[in-house]
Amino acid sequence: MANTVYDVTTFNGSVSPHTDIGKVINEIIADIKANQTTQNTRPGAVIYIPPGHYDLLTRVVIDISFLTIKGSGHGFLSRAIHDDTADTSSWYEVQPGSSHIRVQHTDGTDEAFLVKRSGAPGTVGRLNGIVFQDFCIDGVASTKPYVEGNHKIGISVQSDNDSLRFEGMGFVYLTQAMVVQGADACSFTNNFVAECGTSISLTGASQVAKITNNYLISAWAGYSVFAENAEGVLISGNTILWACNITLRNANRCTISANKLLSNFPSMIALTEGSSENLISGNHFRRVYGDGTSTRYDDLYGLVHINGDDNAVTANHFSFSVPATAITPAGAAPTIVLVAGGARNYLATNHIKANLDVKVVLDPSSTDTKLLHSAAQSQLQAYTNDYKLVATP
Amino acid sequence: MANTVYDVTTFNGSVSPHTDIGKVINEIIADIKANQTTQNTRPGAVIYIPPGHYDLLTRVVIDISFLTIKGSGHGFLSRAIHDDTADTSSWYEVQPGSSHIRVQHTDGTDEAFLVKRSGAPGTVGRLNGIVFQDFCIDGVASTKPYVEGNHKIGISVQSDNDSLRFEGMGFVYLTQAMVVQGADACSFTNNFVAECGTSISLTGASQVAKITNNYLISAWAGYSVFAENAEGVLISGNTILWACNITLRNANRCTISANKLLSNFPSMIALTEGSSENLISGNHFRRVYGDGTSTRYDDLYGLVHINGDDNAVTANHFSFSVPATAITPAGAAPTIVLVAGGARNYLATNHIKANLDVKVVLDPSSTDTKLLHSAAQSQLQAYTNDYKLVATP
Amino acid sequence: MANTVYDVTTFNGSVSPHTDIGKVINEIIADIKANQTTQNTRPGAVIYIPPGHYDLLTRVVIDISFLTIKGSGHGFLSRAIHDDTADTSSWYEVQPGSSHIRVQHTDGTDEAFLVKRSGAPGTVGRLNGIVFQDFCIDGVASTKPYVEGNHKIGISVQSDNDSLRFEGMGFVYLTQAMVVQGADACSFTNNFVAECGTSISLTGASQVAKITNNYLISAWAGYSVFAENAEGVLISGNTILWACNITLRNANRCTISANKLLSNFPSMIALTEGSSENLISGNHFRRVYGDGTSTRYDDLYGLVHINGDDNAVTANHFSFSVPATAITPAGAAPTIVLVAGGARNYLATNHIKANLDVKVVLDPSSTDTKLLHSAAQSQLQAYTNDYKLVATP
């Protein structure tokens, strides 16, 4: 076997990987660096994590490009159902499995994996082509809604980076699953995030991140996807639930299409702080009432909340079913879409099904909104005259 | 190598995997269970199937969580073209390949893989995180349309389950490829199903299954996707053909978007038995005439058939090309969309191209249908006055 | 380990794989053929390429079905940024990595991988189920826009083929990344193509190719996706940039949906030579000005250019921002959509945001175009009276 292929269970580390897989992976990375010593001889390596339960006591620090860390399955098991069940003595398995890392730091850090090259800013230090694939990062113990919870972070990328891949991963009981600062062409696909505070956080300025084909199941105090100052994120083909909350802050030209979205709370997609020219198309929004309580947003905030210019909301379906007694403020007509501000927002051919009298609301600071076959005349609540309506007949 | 990593060709089984891979995998599972004996020490394992031809005489029964069974390719070769070719003596390969399992039971069962934990109902027995990846399950011999055909089933899941994954698999010449009962967050992605009766069947009540990025190529007597009592299935980014037939029975809030759909028959998507609040958006429907004959549906059934409330059909393209002589009943105007019943179904910005005079039909029991820029005035056949039309000009 | 599992670093080849991985893989293929000698005993094999830098001096010729060639990562690093940087002496890595093949032919050929079975036309020679997965093909040296550049081709398929898979691959500095002639059910998913001339080229007549979930980043002289005489291509969930250019020539019933598209040039999607009944839905088009200059198309060509019948353009967002001084011909109103010819093209609920006075243009040979809520009255430039307009209010 080539010396670029590692297995945590056969590497001759200073400790068993079951005792501290973090320390073992750090030692493997040190070994890779000792073997790959020139600019032109750094292809990286692959580290395999066979199925098993592994404790992580020491944070992994990845400061080389082209490292692939790979297991044999995301190994999800619901810790919440387990914790909520009085007697689990007859259960066969009681914790997640497959290639399963239990995050139990004793080193005072929060991240299971930190991707960062110190003292190497910008292009010089840019980290490329790192891959996380098919293993489980498990925070072990937490409580809903997981923010702040145990403060644990699955993977945090804090150096400039290009073409990173998160694929087939499982995340459970973490405050944050994946955080990437300054992402360029970062791909998140086929992951299973559940029972976490925030699923994906794109901090700093990012370029063309791609979030496709994932399950993102997070609770009501964090975000499904958070992106600030982002350009061109693609969010497509995902199933996002429990408290679907995609929040863009000053993020522009993003595409959110062909997703299945479900939440027990308002703010399923929020385009805030001037987020402009985004497209929300072909999504299914389902708002229900159930697990969890939160005062974070009231029902006037909108399932879709828009504060920016020239966003397009086309061909979506809204399905709203909440008991009247659960609406806040009490007695309010719940808002499906709130155009809180911005010019020329464009809504066309959206269908609304609701058990209550719901509204599409245009705030006074919104201008030149187009509302085309997206609401009945009676569903429009306009606090401005600066709009065009073609009512759904 | 860790003792959780198995290879069917190196495991010391009682029989060669080429003779009976089913028996070998069952013995591996028994070995895993012998090694993993407490609730907290059951991470499961991975079983690798190298490229090769393997007969399966004994049904595999999977009753542990976190098992990954993995090959190196779906290995599809068209058995139908082979069977239809008079002389294949000059062919290089005459059957599927890669990690190729030939289903040839001698044990009286139908399933190649049965996932079921006996005597463990509900949460107690819930099976988690099982993965089928990158191998081929081949029924070996059958005849079109494969239902009932050889009665063989590729994978059947019959216990409660969570976060199962079907990825990169190949299925050929089976009555049913994948059947999952009671699925929760079950992911089907990147599979290649061809020359089967039914591709994916979600029985019982399921939650948020995700069917993305697959080829589903099945014949005219089964289904591409069948789902009953399902909540929130996402069907996106698939190529579904030959006889595309997605049938939902009392299934709600599903999303069918961004798919390429092709069929030689009516009923490409049927929302039946009250299926409501589903979204069909951004799909390409192609209906042609060719391989296969069937009296299952006539041309009045609709390419899209709706019998439920508040379904939305937006931004799709319909392309219909069938010889007039092949229409049943003879002389009928073929139906593109039939709203057979239900309230407030919403159709907007759908384009129809057809070689014949085709119709969008509203049956008497349909109420308050909205038909917006989806048909010319002359294309509407309304047997009720309870609708709103904005005709395509 | 089964004799169908190869590793280029442990195979006893006549040369080191680091010296000429092409020669080694050809020798492995010869070995497979020597071991698999009858029609019924050809399951193929898997060839693993561990992380490392490998030179390819000899073209690989694949003439067997069911071969999987697999690495551990696409290993992308931007050669363009590297080449454009004056001093890279402080960089940690200066070339791509992971399972990294440097294409440096000494055999006079252009393709790194040629898939072709000689003397075996049609069904007899049809190649099935070949997989390229998770490695990097790097042209090493080139100059923008890479066409014609170094003339190197990553993978070229030149025999009839069925169900091939390109997955998780990286391509950089190639004139063409992937070329497939006569594709049937060919899947391109999760690839990372960057700094190439043309990303995907479907030549000859193809059936239902599927291009999903990729990054396709190519320059202004080639194509993102080129397809001629194609039936039913699905292009969904991709991020396509730099010079997004999807060109269909006499290609019909394709689906382009839920993509993020970005270009510095016109012609982001061109439906030419009678391409008909295609669907373009739920995409985000972003046109800017920046890296690269080209006279290939002027700003009257259209971001979307249509010359065929019954194409549907629904629910898209167009975002145009180009300095007036950069428009060609000078002073022209840039064209967002040009219907250059064809009947019954259907545009509905598209939103346009532009920094200039832009137009949707109907040429004289276009007939019966429907333009519904897709442009303001002032944005329509019609050189015919044969159209129907429902202007965006």
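Select C:Phe113 to begin: with a relative accessibility of 0%, C:Phe113 counts as buried (buried is under 20% relative accessible area, exposed over 50%, partly exposed in between, with a 1.4 Å probe and protein chains only). This is a predicted model, in which local features need pLDDT of at least 70 and side-chain atom pairs count only at pLDDT 80 or more, while totals for chains, interfaces and linings use all residues. Residues are numbered from 1 along each chain as its sequence is written, chains are lettered from A and ligands numbered from 1 in the order in which they are written, and side-chain values use heavy atoms, with hydrogens and water left out.

**Aromatic pairs**

Rings of Phe, Tyr and Trp (its six-membered ring) pair if their centres lie within 6.5 Å; planes under 30 degrees apart count as stacked, over 60 as edge-to-face and the rest as tilted. The ring centres of C:Phe113 and C:Phe132 are 5.7 Å apart and the planes stand at 75°, so this pair is edge-to-face. C:Phe113 belongs to strand β7 (residues 111-115) of chain C and C:Phe132 to strand β9 (residues 131-133) of chain C, so the pair ties together parts that are 19 residues apart in sequence. Helices (H or I, at least four residues) and strands (E, at least two) are DSSP runs, numbered from the N terminus.

Next select C:Phe76 and C:Phe192. Their rings form a tilted pair, 4.9 Å centre to centre with 45° between the planes. C:Phe76 sits in the loop between β5 (67-70) and α2 (79-84) of chain C, and C:Phe192 in strand β18 (residues 192-196) of chain C, so the pair ties together parts that are 116 residues apart in sequence. Both C:Phe76 and C:Phe192 are buried.

Over all chains, the count comes to 42 aromatic pairs. For a cluster, move to chain A and select A:Phe113, A:Phe132, A:Phe135, A:Phe166 and A:Phe188, which together form one aromatic cluster.

**Two stops in chain C**

Select C:Ser163, in the loop between β12 (161-162) and β13 (165-167) of chain C. C:Ser163 is buried, at 1% relative accessibility. Which residues does C:Ser163 touch, not counting residues up to four places away in sequence? They are B:His74, B:Phe76, B:Phe192, C:Gly129, C:Asp184 and C:Ala185, where contact means heavy atoms within 4.5 Å.

Then go to C:Ala354, in strand β38 (residues 351-354) of chain C. C:Ala354 counts as partly exposed, at 23% relative accessibility. Its C-alpha atom is separated by 8.5 Å from that of C:Val322, 32 residues apart along the chain.

**Salt bridges**

The structure holds 60 salt bridges over all chains (a side-chain nitrogen of Lys or Arg within 4 Å of a carboxyl oxygen of Asp or Glu).

- Select B:Arg126 and B:Asp184, whose side chains meet in a salt bridge at 2.8 Å, N to O. B:Arg126 lies in the loop between α3 and β8 (127-128) of chain B and B:Asp184 in strand β16 (residues 183-184) of chain B, so the pair links parts that are 58 residues apart in sequence. B:Arg126 is buried, with a relative accessible area of 16%, while B:Asp184 is partly exposed, at 22%.
- Select A:Asp368 and A:Lys370, joined by a salt bridge of 2.9 Å, N to O. A:Asp368 is partly exposed at 23% relative accessibility, and A:Lys370 is buried at 12%.
- Select C:Arg249 and C:Glu273, with the closest N and O atoms of their salt bridge 3.8 Å apart. C:Arg249 lies in strand β27 (residues 246-249) of chain C and C:Glu273 in the loop between β30 (269-272) and β31 (279-281) of chain C, so the pair ties together parts that are 24 residues apart in sequence. C:Arg249 is partly exposed at 30% relative accessibility, and C:Glu273 is exposed at 55%.
- Select A:Glu231, A:Arg253, A:Glu277 and C:Arg286, which salt bridges with shared partners join into one network.

**Where chain B meets chain A**

Finally, show chains A and B. Here 66 residues of chain B are in contact with 56 residues of chain A. The two chains bury about 4,600 Å² between them, 56% of it on carbon and sulfur atoms; buried area is the accessible area (1.4 Å probe) that two parts lose on being put together, summed over both. Four salt bridges are found across this interface. To see a salt bridge between these chains, select A:Lys353 and B:Asp310, whose closest N and O atoms are 3.7 Å apart.
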